[in-house]
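Please keep the sequence and the coordinates at hand while reading.

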Amino acid sequence: MSILAVLTEDLLVRVNSRIEDGADRRSWRLVCKEFLRVDSLTRKSLRVLRSEFIFSLLRRFPNVDALDLSACPRVDDGMLTLLLARGAASTTASLRWNLRSLNLSRATNGMSFKGLALIASACSQLEKLDVSYNCRLGDREAAAISGIEGLKELRLDKCLEVTDVGLVKIAVGCQKLEKLSLKWCMEISDLGVNLLSVKCWSLKFLDISYLKVTNESLCSIASLPKLEGLTMVGCPLVNDSGLEFLSRGHSLKEIDISRCEGVSSSGLVSLIRAHCNLMRIIAGYLPELSAALLDSLKLLKNLTTLIINGTQVSETVLQTISSNCKSLIEIGLSKCIGVTNVGILQLVSSHQKLKVLDLTCCGSVTDAAVCAVADSCSSLVRLKLEACYMVTEKGLERLASSCLLLEEVDLTDCSGINDSGLECLSRCSRLVSLKLGLCFTISDKGLSYIAANCSELCELDLYRCTGIGDETLAALSNGCKKLKKLNISYCIEITDRGMKSLGSLGELVDLEMRGLHNVTGVGLAAFAAMSKRLADLDLKHCENIDDSGFWALACYSHNLRQINLSNCNISDVTLCMVMGNLTRLQEAKLVHLANITVEGFELALRACCVRIKKVKMVSELRLLLSSEILEILHAKGCIIRWD
């Protein structure tokens, strides 16, 4: 009798719910039909990569309530009309559109008022909607969104045509909103924010970053009784008086005032004194950290995150932070002037529970500081040491001995790191992300230690690590099967043999391989034939890859969303084949293609004009391409960047 026979459906559901990794879930589904059935019935979220598969996927997973279409090349009114029409006549739960979350970010340039109105009428239970980065979404589309009365979370980032009129319509129609992001919505002013504050009293989190709002908006925002988080990065017209208005409220737990030129320590002090329950403060690039500000921090008994990137600090400042902020688990000192070994020693001595520390570009930091961090912060999960060029293997040895929970380490441009240091670091077997770009003294030997011991690694950056070659790629393909993102740009020792090894990384979705002059079409073809999940590929300056490699991409890499072919030797016919066959392609960089004629560009653009969202070409082509193709691209919502 098989053990599967005694596993009830309830037990299988409980086991399935504990599987988080995508690759593990795929393996689970392949065990048997019963496992596949349980997975299909219990799946609640779905990310669709190609719009033509939406219908079959929704039938396969009938209980999905969170649908992500952000990776689809294009979602337009016609597709939605067809989908919703089928849903209305269907008895299947998903096709009846019982959705609670819908992500249309970057996928909606073909969608207008009509499509959004259809969503509003068909998805009555929708609570979360993301339509960010839709350059054509304006006030009329905002009016359609306002019909979703139960909406609780809405992202409108960089919807450049939405004005105060559209925001007011949303505020009137969606009064249950709890989270709203208006980042980069440049046409929204004080008027819209004021009316939003009057209507949406349930707002808990609001992002008004880069808006040209004034203190008047902050005065209105202060009246929101449930507001817990406010992000206002880069608001140039806001000053300390605005923060004093915010002091009238009493519910804030998170505030981000980075790069607000008119804000100083004085305004932040008034805010802190009024909001003693603040848990996160992000105040990058403040002009100064005054004594009054440092003293006020001791009022915040629950403060867990303090990020003061780009400010002037001293050993005294760091000592005061250490004394006044006992509960910190995240500290950001990126690009702070005045960070020293003594200052770091004083800072971490009282923070044994610290999990995240960012010392990017703190050039005075040496092994002594890293050793102090290791000795005091055994719970550290993320450490950024980019451009800390005096850190060596001595610091990494202490770090690896004490901080075994490390998951992310950034050692970019740390010229003192060598193979011995990587051998020490490889003891941190939980590493998920490791950045070693511009570390010129590491070699295949050092990476072999990482590959052998860090099997959880998902992201690895080896940018311009010139000592790295094919042996590293062979080791990674054997030991780091979960690798999803890899940068080997300008690792000039890599050849076709290494590219063939990379094909064994079945989870790889993002590969940067600029300037690999020893890689030819043979290597790219071998890699493409095995890398079916690849989504982003950068081939800039890979000048020895010929058409055979690009033809292989066109035949095998159907999941590619972004590609950089700049300075490559590709022909007219092959470029047209690549742009036409890659049906998920959304962004292409086609700069300085010496072998491509104007006619070749014309044909390639026609082959992909229905789905392409962004393309980069040399500025000379602006006058050479036909007005017809430029108008077609514009009509389809494609953004052209002229280099």
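How far apart do the end C-alpha atoms of residues 454–609 lie, and what percentage of the span is helix and what percentage strand? In this predicted model, the separation is 43 Å, with 37% of the span in helix and 12% in strand. The span comes from an unreviewed UniProt entry, which lists residues 118–266 and 454–609 under "domain: F-box/LRR-repeat protein 15-like leucin rich repeat". For residues 118–266, the end C-alpha atoms are 49 Å apart, and the composition is 32% helix and 12% strand.

A pair of helices, α23 (residues 547–556) and α24 (residues 572–581), may be considered next. Their axes are 8 Å apart and the packing angle is about 15°. Angles under 35 degrees count as roughly parallel, and α23 and α24 are therefore roughly parallel to each other. The crossing in which α23 passes α24 is left-handed. On the side of α23, the contact is formed by Asp 547, Phe 550, Trp 551 and Ala 554, while α24 contributes Val 573, Thr 574, Met 577, Val 578 and Asn 581. Sorted by class, this contact of α23 with α24 comprises six nonpolar residues, two polar residues and one charged residue.

Another helix pair is formed by α1 (residues 9–17) and α3 (residues 33–42), whose axes come within 10 Å and cross at roughly 65°. Because the range from 65 to 115 degrees counts as roughly perpendicular, α1 is described as roughly perpendicular to α3. The crossing of α1 and α3 is right-handed. Glu 9, Leu 12, Val 13 and Asn 16 of α1 meet Glu 34, Phe 35, Arg 37, Val 38, Asp 39 and Thr 42 of α3. In the contact of α1 with α3 there are four nonpolar, two polar and four charged residues.

Burial can be examined within a helix as well. In α14 (residues 315–324), the buried residues are Val 317, Leu 318, Ile 321, Ser 322 and Asn 324. The elements that cover these buried residues of α14 include α13 (291–296), β11 (305–307) and α15 (341–348).

Loop positions complete the picture. Thr 412 is located in the loop between β15 (408–410) and α18 (419–425). Is Thr 412 buried or exposed? Its relative accessibility is 13%, and buried means under 20%, so Thr 412 counts as buried. Apart from neighbours within four places in sequence, Thr 412 is in contact with Leu 385, Glu 386, Ala 387, Lys 435 and Gly 437.

Tyr 133 lies in the loop between β4 (128–130) and α7 (139–145). Phi of Tyr 133 is near 60°, a positive value in a residue other than glycine. With a relative accessibility of 32%, Tyr 133 counts as partly exposed. Tyr 210, in turn, is found in the loop between β7 (205–207) and α10 (215–221). Although Tyr 210 is not a glycine, its phi is positive, at about 70°. The relative accessibility of Tyr 210 is 24%, so Tyr 210 counts as partly exposed.

Technical notes. Residues are numbered from 1 along each chain as its sequence is written. This is a predicted model: local features need pLDDT of at least 70, side-chain atom pairs count only at pLDDT 80 or more; totals for chains, interfaces and linings use all residues. Side-chain values use heavy atoms; hydrogens and water are left out. UniProt positions are given in the numbering used here, feature names are shortened, and annotations may be inferred rather than shown by experiment. Helices (H or I, at least four residues) and strands (E, at least two) are DSSP runs, numbered from the N terminus. Axes are lines fitted to C-alpha atoms, for helices over the stretch in contact, and angles run from 0 to 180 degrees between N-to-C directions. Angles under 35 degrees count as roughly parallel, over 145 as roughly antiparallel, 65 to 115 as roughly perpendicular and the rest as oblique. A crossing is left-handed if the near helix is turned anticlockwise from the far one by less than a right angle, and right-handed if clockwise. Contact means heavy atoms within 4.5 Å. Ala, Val, Leu, Ile, Met, Phe, Trp, Tyr, Cys and Pro count as nonpolar, Asp, Glu, Lys and Arg as charged, and the others, Gly among them, as polar. Buried means under 20% relative accessible area, exposed over 50%, partly exposed in between (1.4 Å probe, protein chains only).
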